[in-house]
Amino acid sequence: MEMFNNDGHLTEQALQSLNTGHLDELCRLEAAEHLSFCDECLLRYTAILEQGELITAPDTLKPKTLAELRRRSLRLFSNRYATAIAAAGLALVLWSGGVFGALIPDKTQPPPTPPSQQEQEPLFAEADKLVKTMNDHLNELLKLAHKTEQDNGNNQNNIYNRE
Amino acid sequence: MYGKEIGQKKRVYNGGDAVSTKEFAQMLEQYQKLVYTVCYQMTGDHFQAQDLAQETFIAAYTHLDSCPTGAEKPWLVRIAANKAKDYLKSAYHRRVLTADDDTALTDSNPLSNAPPTPEDISVSNEQLAQITRLVHTLKEPYALVCTMHFLQDKTIDEISRELNRPYKTVHTQIYRGKILLQKQLKGGG
């Protein structure tokens, strides 16, 4: 059987054989490669599919796909916002510690005297509170991500244990 | 209808746009048989077909804004064919091409890359004539690309532009064509 005609397109016989599952592995690969760039053959193949009988997908395809999309969305969300929260927390800690003030010296004023140990303690306590809040938020996000992964893992085990 | 509306509504995962997610779920429901059929026809395996169908829809969701209006079916079929192509290519390479004996790429072989000696040139003329004959016996999609590459000395870029085929596809077809020619040469073809 000829897979391709002289102008490089898939023959009608090749498309019909693909539709009926009568192509070997190399021929299927060649067909897939050609369909990945040839619009004309893609439309012909799509038309053959529409005229024929389609195979019913397993019931699990839709829920698994949607679950995977939710998992990826959550991971993207947690990555993005965890980074933002970490950056904001770090900025607050540095600001509370007076780092930004020290970086921009005021030359008209005499250099400030460093705060005494007693004056620093409330600042450190405040910074500690902010860091703890940030950690709590991060832990919540990680728990949620972990729970979603576990749920998906349980669903997958159930599917592949079926015959 | 689907692609443009969904594409305009949202593009990036934000975990919460219920309207687009619902529309996508409807799209999934409507075309899952079509996509699954393509994946099964390409692989012949139900488990693999399910995995590839899932990857197809995930890729479709990511690139919804590129779906042409009114052409969702061929667009999805193409994504499915691409996923199947990647899978089949990997499986084929592992199973067939790594088992091939590549020692045919010797210095006396015109298809090798070593610089020829004067003796090699006189021998290779005869072999070149043989290769020319063999190239003309190749079937498509290898005949044309091998003729242009081995006999007309065209580069992959030039062939890709002339035939309007992707660069990687031309590269793969030349590689497979070369292996077919080497097998025929070894077999005394």
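A residue counts as buried if 20 or more other C-beta atoms lie within 10 Å of its own, as exposed if 12 or fewer do, and as partly exposed in between, with C-beta atoms placed from the backbone. Keep that scale at hand for the stops below.

This is a predicted model, in which local features need pLDDT of at least 70 and side-chain atom pairs count only at pLDDT 80 or more, while totals for chains, interfaces and linings use all residues. Residues are numbered from 1 along each chain as its sequence is written, and chains are lettered from A and ligands numbered from 1 in the order in which they are written.

**Stop 1: chain A**

Select chain A and colour it by secondary structure. You will find 6 helices and 0 strands, in the order α-α-α-α-α-α from the N terminus. Helices (H or I, at least four residues) and strands (E, at least two) are DSSP runs, numbered from the N terminus. Chain A has 163 residues, and 17% of them are buried. Of its contacts with a separation of 6 or more, 69% are between residues 24 or more positions apart; two residues are in contact if their C-beta atoms, placed from the backbone, lie within 7 Å.

**Stop 2: the largest core**

Now select B:Val35, B:Cys39, B:Ala53, B:Leu76, B:Ala80 and B:Ala84, which touch the most other members of the 46-residue largest nonpolar core. Such a core is a set of buried Ala, Val, Leu, Ile, Met, Phe, Trp, Tyr and Cys residues joined through C-beta atoms within 7 Å. Both chains are represented here: two or more residues come from each of α1 (12-20), α2 (25-35), α3 (39-51) and α4 (61-96) in chain A, and from each of α2 (18-43), α3 (46-62) and α4 (72-95) in chain B. The largest share, 11 residues, belongs to α2(B).

Zoom in on B:Ala80. Leaving aside residues up to four places away in sequence, B:Ala80 touches B:Val35, B:Val38, B:Cys39, B:Leu52 and B:Thr56. A separate, second core has 11 residues, including B:Tyr142, B:Cys146, B:Ile159 and B:Val170.

**Stop 3: B:Thr37**

Next, pick B:Thr37 in helix α2 of chain B. Is B:Thr37 buried or exposed? B:Thr37 is buried, because 22 C-beta neighbours lie inside 10 Å. Draw a C-alpha to C-alpha distance from B:Thr37 to B:Ala80: the two are 9.6 Å apart in space and 43 residues apart in sequence. Not counting residues up to four places away in sequence, B:Thr37 touches A:Leu49, A:Leu54 and A:Ile55.

**Stop 4: where the chains meet**

Show both chains together. In the contact between them, 38 residues of chain B meet 38 residues of chain A. On the chain B side, α2, α3 and α4 each give two or more residues. That side has 21 nonpolar, 9 polar and 8 charged residues, where Ala, Val, Leu, Ile, Met, Phe, Trp, Tyr, Cys and Pro count as nonpolar, Asp, Glu, Lys and Arg as charged, and the others, Gly among them, as polar.

**Stop 5**

Then switch to α3(B) and α4(B), whose axes are 9 Å apart at an angle of about 130 degrees. This pair, too, is oblique. Residues to highlight include B:Leu52 and B:Thr56 of α3(B), with B:Ala80 and B:Ala84 of α4(B). The contact of α3(B) with α4(B) has 8 nonpolar, 2 polar and 2 charged residues.

**Stop 6: backbone details**

Most residues other than glycine have a negative phi, and most peptide bonds are trans. Select B:Glu140 and B:Pro141, which are joined by a cis peptide bond with omega about 10 degrees. B:Pro141 sits in the loop between α5 (118-137) and α6 (142-151) of chain B.

Move on to B:Asp153, in the loop between α6 and α7 (156-163) of chain B. B:Asp153 is not a glycine, yet has a positive phi of about 55 degrees. B:Asp153 is exposed, with 8 other C-beta atoms within 10 Å.

Finish at B:Asn164, in the loop between α7 and α8 (167-186) of chain B. B:Asn164 also has a positive phi, about 60 degrees, although it is not a glycine. B:Asn164 counts as exposed, with 9 C-beta neighbours inside 10 Å.

Note on methods: Axes fitted to C-alpha atoms, helices over the stretch in contact; angles between N-to-C directions. Parallel < 35°, antiparallel > 145°, perpendicular 65-115°, else oblique.
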